[in-house]
Amino acid sequence: MSKLLGAAKSIRPECPEEPTPSPVDDWAFAVDHPDGYMAVSAVRNNTGELVDFRWQYANSAAETMMGMTLAFVRGRGIVELLPDARSRGVHTRFARVVETGEPYVDEVYFPLANRERWFRLVALKRGDGLSIWFNDITRRKREELETGFLAGASHLLTASLDVESALHELARRCVPLIADACVLQVMDSRGQPLLLETAANEPVHEALLDEVLRRASTQTTGEPGLMGLMLPQDTPQLLTELTPSLLQSLTRDAEHLRLMEALGPHSLLAVPLRARGRPLGALILLTFTPRTLGMEDLHFAEDLADRVALSVDNVLLFRESRQAVAQRDEFFTVAAHELRTPTTSLKLNVQSLLRSARRGEAGQTPSSLMAKLENIDRNAGRLNALVNELLDVTRIHAGRLRLDLEQVDLTALVQDVAARFELPATQAHSPIHLELSGPAVGSWDRLRLEQVVTNLLSNALKYGAGKPVRLQVSADTTCARLVVRDEGIGISPESLPRLFGRFERAVSDRHYGGLGLGLYITRQIVEALGGHVSVVSAPGAGATFTVELPLQATG
């Protein structure tokens with residue numbers, strides 16, 4: 001845990017009794033004492049001003065707590081070995097004890113051996129010097145700091161549903177209390193980046209961190225790893241000292257190594273954010289000073305990551321439920337519109353026929369009668385298709401999508417579907433071009449596979465903008481491939497990840513009809529057959545849907 005800023009509150013516990021040995025150099029009373037003991041003498045300049053203290057003695061407990069031997073410290077000054085004593089005001093308090101005789105009792109912080117150390121200290125006047133008793137309270141101070149920080153973090157994360165602002169503030173709080181730099185990376189439930197927050201002591205470090213992360217996010221080969229480093233992302237990582245050779249082994253190329261060397265991390269730890277068994281991101285802490293992160297820091301970071309993951313997951317669940325409600329309401333509106341159109345047409349045609357029948361008008365022309373009957377049949381078929389889509393979604397959601405496998409020639413099936421779409425293709429001014437490389441026979445459900453081809457072809461004609469639509473079929477010894485390509489309006493990058501979702505649509509329903517279920521059902525059928533469906537598209541450049549099916553379905 002990094003240093004706690006601000007002066008520590010002084011306390012007045014009982015002071016240890018100061019024995020008075022007969023010879024001044026007799027330190028027997030302190031040799032085996034469990035508390036640390038030091039004796040120092042005042043160092044004065046020519047004017048008599050007290051400028052430092054020189055070590056005379058330190059018992060074994062003091063040697064252990066300071067990490068310095070008596071042979072090393074004897075005769076040397078406190079300010080020389082512990083410069084923080086002056087900057088933190090401890091040296092001034094020591095001088096006051098010598099001048100006034102009043103004891104000094106406090107809890108003070110010193111970074112020793114690259115680690116944070118807190119001591120409970122009692123300084124007593126001893127001639128023209130001091131007797132200093134102390135013991136290590138680092139564990140207690142660390143627990144107090146961690147408890148307070150975690151409580152504050154929990155309050156911050158639960159006080160608002162604005163998780164982005166909360167995580168921004170949390171990253172800022174981590175610096176410098178926990179580490180010299182902090183990176184918080186959070187993803188949404190679809191695995192898409194939701195937030196990437198960086199904070200560092202120095203602006204130059206923050207700029208370099210941003211550059212390292214930007215470069216890591218644009219990696220095109222393999223897993224980018226944490227900050228682009230060759231490290232696992234799903235388990236906690238603690239690198240207590242990033243030596244030049246270790247850093248070189250973890251970076252991907254010369255430019256990555258250059259950026260990391262410029263950043264200059266001394267130690268690094270990273271813990272994954274996980275909730276309900278799925279990854280949500282990572283918390284990364286770094287130091288740039290010689291201070292070393294250790295196991296205690298890792299355990300604390302894991303506790304903090306658990307709180308962050310829980311809060312993020314709760315917020316995402318709330319947002320998803322709110323989005324689901326909005327999506328449901330939108331679907332009901334779209335469904336009502338889609339169902340109203342054919343039912344209105346049906347009703348008008350049936351009413352016209354009824355009026356004619358009531359008036360005894362037997363002399364209607366065959367063409368007029370046929371037009372009305374064809375309209376009724378067409379709209380009844382549209383209603384039936386809409387109802388079937390809804391039933392399919394219900395079956396899929398309930399896990400009751402049944403497959404009847406048989407030997408099916410995908411090439412012949414595509415030809416049959418394309419023939420049925422001749423009239424709609426003519427009306428849409430989008431001619432259908434078939435590119436068939438021969439039979440593609442596999443064990444599939446004929447009706448469901450026909451549904452896949454129908455959905456993709458009707459989708460291509462709907463959004464094809466009056467341009468040709470191409471269907472390609474090919475096969476090898478293990479797999480058949482269907483490609484449906486249009487040259488229409490295309491799909492925006494932000495719509496691609498959710499294109500195969502339930503009730504999703506990439507365009508407004510005001511201009512394009514449908515329930516937004518066709519591609520969802522298509523994906524579910526293809527995956528039930530053991531296959532995969534994908535799309536490549538860009539705005540204005542059309543869309544290419546590719547279906548790959550194993551010749552032996554696994555459904």
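This is a predicted model: local features need pLDDT of at least 70, side-chain atom pairs count only at pLDDT 80 or more; totals for chains, interfaces and linings use all residues.
Where is Arg 276 found? Arg 276 sits in the loop between strand 9 (267–275) and strand 10 (278–287).

**The protein as a whole**

The secondary structure of the protein consists of 17 helices and 17 strands. The protein has 555 residues, and 45% of them are buried. Among contacts in the protein with a separation of 6 or more, 64% are between residues 24 or more positions apart. The accessible surface of the protein is about 27,900 Å², and carbon and sulfur atoms account for 54% of that surface.

**Two helix pairs**

Two packed helices are described by the angle between their axes and the distance between the axes. Two such pairs are set out in the table.

| Helix pair | Residues | Angle between axes | Axis distance |
|---|---|---|---|
| Helix 7 and helix 8 | 138–158 and 163–177 | roughly 165 degrees | within 9 Å |
| Helix 9 and helix 11 | 203–217 and 254–263 | about 160 degrees | 9 Å |

The axes of helix 7 and helix 8 cross at roughly 165 degrees. That angle makes helix 7 roughly antiparallel to helix 8, since angles over 145 degrees count as roughly antiparallel. The crossing of helix 7 with helix 8 is right-handed. On the side of helix 7, the residues that meet helix 8 are Phe 149, Gly 152, Ala 153, Leu 156 and Leu 157. Helix 8 contributes Ala 166, Leu 167, Glu 169, Leu 170, Arg 173, Cys 174 and Leu 177. Sorted by class, the contact of helix 7 with helix 8 has nine nonpolar residues, one polar residue and two charged residues.

Helix 9 and helix 11 pack at an angle of about 160 degrees. Helix 9 and helix 11 are therefore roughly antiparallel to each other. Helix 9 passes helix 11 in a left-handed crossing. From helix 9, the contact involves His 205, Leu 208, Leu 209, Glu 211, Val 212 and Arg 215. From helix 11, it involves Glu 255, His 256, Leu 259, Met 260, Ala 262 and Leu 263. By class, the contact of helix 9 with helix 11 has seven nonpolar, two polar and three charged residues.

**Backbone details**

Most residues other than glycine have a negative phi, and most peptide bonds are trans. Some places in this model depart from that pattern.

What kind of peptide bond joins Val 175 and Pro 176? The bond is cis, with omega about 5 degrees. Pro 176 lies in helix 8, the partner of helix 7 described above.

Arg 276 is not a glycine, yet its phi is positive, at about 55 degrees. Is Arg 276 buried or exposed? Arg 276 has a relative accessible area of 57% and is exposed, because a value over 50% counts as exposed.

His 429 also has a positive phi, near 60 degrees, in a residue other than glycine. His 429 is placed in the loop between helix 15 (422–427) and strand 12 (432–436). With a relative accessible area of 60%, His 429 is exposed.

**A mostly buried helix**

Helix 17 (residues 518–528) has 11 residues, and eight of them are buried, so this helix is largely enclosed by the rest of the structure. The buried residues of helix 17 are Gly 518, Leu 519, Tyr 520, Ile 521, Thr 522, Gln 524, Ile 525 and Val 526. Just after helix 17 comes Gly 530, with a positive phi of about 85 degrees.

**Two serines**

Ser 430 is in the loop between helix 15 and strand 12, the loop that also holds His 429. Ser 430 has 0% relative accessibility and counts as buried. Apart from residues up to four places away in sequence, Ser 430 touches Ala 425, Leu 461, Gly 464, Gly 466, Lys 467 and Val 469.

Ser 474 belongs to strand 14 (residues 469–475). Its relative accessibility is 28%, and Ser 474 therefore counts as partly exposed. Which residues is Ser 474 in contact with, leaving aside its neighbours within four places in sequence? They are Ser 437, Cys 479, Ala 480 and Arg 481. Ser 474 and Gly 438 are 36 residues apart along the chain, and their C-alpha atoms are separated by 7.2 Å.

How values were computed. Residues are numbered from 1 along each chain as its sequence is written. Side-chain values use heavy atoms; hydrogens and water are left out. Axes are lines fitted to C-alpha atoms, for helices over the stretch in contact, and angles run from 0 to 180 degrees between N-to-C directions. Helices (H or I, at least four residues) and strands (E, at least two) are DSSP runs, numbered from the N terminus. Angles under 35 degrees count as roughly parallel, over 145 as roughly antiparallel, 65 to 115 as roughly perpendicular and the rest as oblique. A crossing is left-handed if the near helix is turned anticlockwise from the far one by less than a right angle, and right-handed if clockwise. Contact means heavy atoms within 4.5 Å. Ala, Val, Leu, Ile, Met, Phe, Trp, Tyr, Cys and Pro count as nonpolar, Asp, Glu, Lys and Arg as charged, and the others, Gly among them, as polar. Buried means under 20% relative accessible area, exposed over 50%, partly exposed in between (1.4 Å probe, protein chains only). Accessible areas come from the Shrake-Rupley method with a 1.4 Å probe; for residues, only the protein chains shown count as cover.
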